[in-house]
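This report walks through a single protein chain. Look over the sequence and the model before reading on.

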Amino acid sequence: MAKKTAKTTTTSLDFSNSAKVIKETAKSINTQIQEVVGEVTEDLKDNASTLTDRTMAPVKKAYEQLNDKINWEYLDLAKATKSVNDFTVKTAEDLVDGVAVNGAKWQGVAEKAIKGGLELTAKQQDIMFDTLETVKGQINKGTKRLKHLIYN
């Protein structure tokens, strides 16, 4: 059998020209994009008022329709009602605060009155019992005298 030997050859590939073409194409596209963006920007600047008018027209129409449907008298009445409600709430809060403060004062007065009333009642009770004992003593003494006068 005969041996075959393979001969290897190396070839180098040169992409330098392709890279140069890609860079030039990228620069060209970038320049074109910048030009288009500049033109679009100028168009937007020139037509800004027209675009604004066109986009705002439906909003203005809706506002006018809504404005025609609003009964401004009811809105003023609602504002007045809110004002009255705010006043009522504030007055009620002031009233509750006043009741709490004055209630505490009256509670102190009532406590003193009850305490004084109980002391007065106790003194009156003592006076009444003293009086009853005195009357009892006088009755006993009078009964003894009467018995002495009658049986003697």
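Is V36 exposed, partly exposed or buried? V36 counts as partly exposed, because its relative accessibility is 46%, a value that falls between the 20% and 50% cut-offs. The residue sits in helix α1.

## Model and confidence

The model is predicted. The mean pLDDT of the protein chain is 80. A score of at least 70 is reached by 89% of the residues.

Helix α2 (residues 48-69) has the lowest mean pLDDT, at 77. Helix α3 has the highest, at 85.

## Fold

The protein chain holds three helices and zero strands. Read from the N terminus, the order is α-α-α. Helix α1 covers residues 16-46, helix α2 covers residues 48-69, and helix α3 covers residues 72-151.

## Burial and surface

The chain has 152 residues, and buried residues make up 0% of them. A residue has to fall under 20% relative accessible area to be called buried.

## Nonpolar patch

Helix α1 gives the largest share, three residues.

Take E39 as an example. E39 lies in helix α1, residues 16-46. E39 counts as exposed because its relative accessibility is 53%, and the cut-off for exposed is over 50%.

## Salt bridges

Side chains of opposite charge can pair when their charged atoms come close. How many salt bridges does the count come to? The count is two.

One joins D86 and K82, with 3.0 Å from N to O. These two residues are four apart in helix α3, so about one helical turn separates them. D86 is partly exposed, with 41% relative accessibility. K82 is exposed, at 52%.

The other joins K90 and D94, with 3.2 Å from N to O. What separates K90 and D94 along helix α3? They are four residues apart in that helix, so the separation is about one helical turn. K90 counts as partly exposed at 47% relative accessibility. D94 is partly exposed as well, with a relative accessible area of 42%.

## Summary

The predicted model has three helices and zero strands. Buried residues account for 0% of the chain. Salt bridges link D86 with K82 and K90 with D94.

Terms used. Residues are numbered from 1 along each chain as its sequence is written. Side-chain values use heavy atoms; hydrogens and water are left out. Buried means under 20% relative accessible area, exposed over 50%, partly exposed in between (1.4 Å probe, protein chains only). A salt bridge is a side-chain nitrogen of Lys or Arg within 4 Å of a carboxyl oxygen of Asp or Glu. pLDDT is the predictor's confidence in each residue, from 0 to 100.
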